[in-house]
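Reader: I'd like to go through this one with you. Can we start with the pockets and then look at a strand?

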Amino acid sequence: MSVLKEPLATPSRVRGIFRYLLQKKGQKEKREVLEKILSPDELVKDAPSGRPMFRKTINQIKNRIVNGVHNIGLLIEEEDEIAINPSLTEDSINPQIGDQLLPNTLATLFFASGNTDEEDFGLVCAWYLAQNIYDAPGNWEAIQNQVSEQQVGELLRMTNSTLYGQMDDWMCYMGLAWGHALGGKRVTVPDPTLYIKRNLKNLFNDQVGAKLLIREFIDRLAKKCPLFETGKFREIIEINIGGRQLNYLSTSTAFALFRLRDEGYIQLKRESDADLMILPKANNQVDDDGRISHITWQGENS
């Protein structure tokens, strides 16, 4: 079962467990000790036995076998101890930067590691990023209507507001969306700007000033996070809701790239005799600004 369907497994709880273990000697702790630190007796004396919030959160992010497939997790459990998975990247478990990188680490474990337990979550996130950012469904009622209109109810199985709440929390934590108040109510926007910005260094192999064909950049992005165009989750979604126009990016990806350009992180250029990709704006309008062949990374402190 994925984090989409386990409302007790929230980003804040996952982060709390990870941050504690990150600073512990050996990055491990006895399960009983960890339970009592994160769910003190005084706070759970009237709660169901077994500390379900702690237990269910741990179960969602540890190594486990699902239908015969070994899903790599953030944590491992051995006998009476819980530890950070030592097979994660060196940066991911670095006490100085591991917490900062946790949204990326989780996105990789959820979507790009072959984790069969999170496939339904991947499809839901890819579907949301495929919506028109300028008119995206921003709450549970609007999500219901859009799912019905696009006839993807059986594919996504977004059957209640709890599932939407999990999608909202996790996508915002990973930098794939953000929320704001409108008319006194929360509205969510499918905007992956933060996720892409955090990963520019990796996508450009840490080479400031490096220039890539925009197609190559998108392919690298999809390989790292297959929620994006040409990624496996996005391709399934586009088969079901209708593909993008030829050579077009989705408005959410285009919007993110325009924001990163305006903030000085990247340059977007059109060069003669080079294949173009189209970055549409509101109402799917395209101008010369949105006909792009190359992208250049300007560095993290531009």
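**Pockets and a strand**

Author: This is a predicted model. The lining of the largest pocket is made up of eight nonpolar, eleven polar and six charged residues.

Reader: Which residues lie nearest the centre of the largest pocket?

Author: Asp91, Leu101, Asn104, Arg198 and Asn199 do, out of 25 residues that line the largest pocket.

Reader: And which helices supply at least two residues of that lining?

Author: Helix H5 (98-112) does, and so does helix H10 (193-203).

Reader: What volume does the largest pocket have?

Author: About 850 Å³. The second largest pocket holds about 370 Å³ of space.

Reader: Who sits closest to the centre of the second largest pocket?

Author: Ala130, Asn132, Arg244, Ser250 and Asn284, from a lining of 21 residues.

Reader: How does the lining of the second largest pocket split by class?

Author: Seven residues are nonpolar, eleven are polar and three are charged.

Reader: OK, strand S9 now. Which of its side chains are buried?

Author: Ile266 and Leu268 are buried, and both point to one face of S9, which covers residues 266-269.

Reader: How many bridges join S9 to strand S12?

Author: Four, and the two strands run antiparallel. S12 covers residues 294-297.

Reader: What is the bridge partner of Lys269 in S12?

Author: His294 is the partner of Lys269 there.

Conventions:
Residues numbered from 1 in each chain as written. Predicted model: local features only at pLDDT ≥ 70, side-chain atom pairs only at ≥ 80, totals over all residues. Heavy atoms only, no water. 1 Å grid on protein atoms, 1.4 Å probe; cavity = no way out; pocket = protein on both sides within 12 Å on 5 of 7 lines; lining within 4 Å. Points joined across faces, edges and corners; volume = space filled by probe spheres on them. Nonpolar A, V, L, I, M, F, W, Y, C, P; charged D, E, K, R; others polar. Buried < 20%, exposed > 50% of the residue type's maximum accessible area, 1.4 Å probe, protein only. Pairing = 2+ DSSP bridges.
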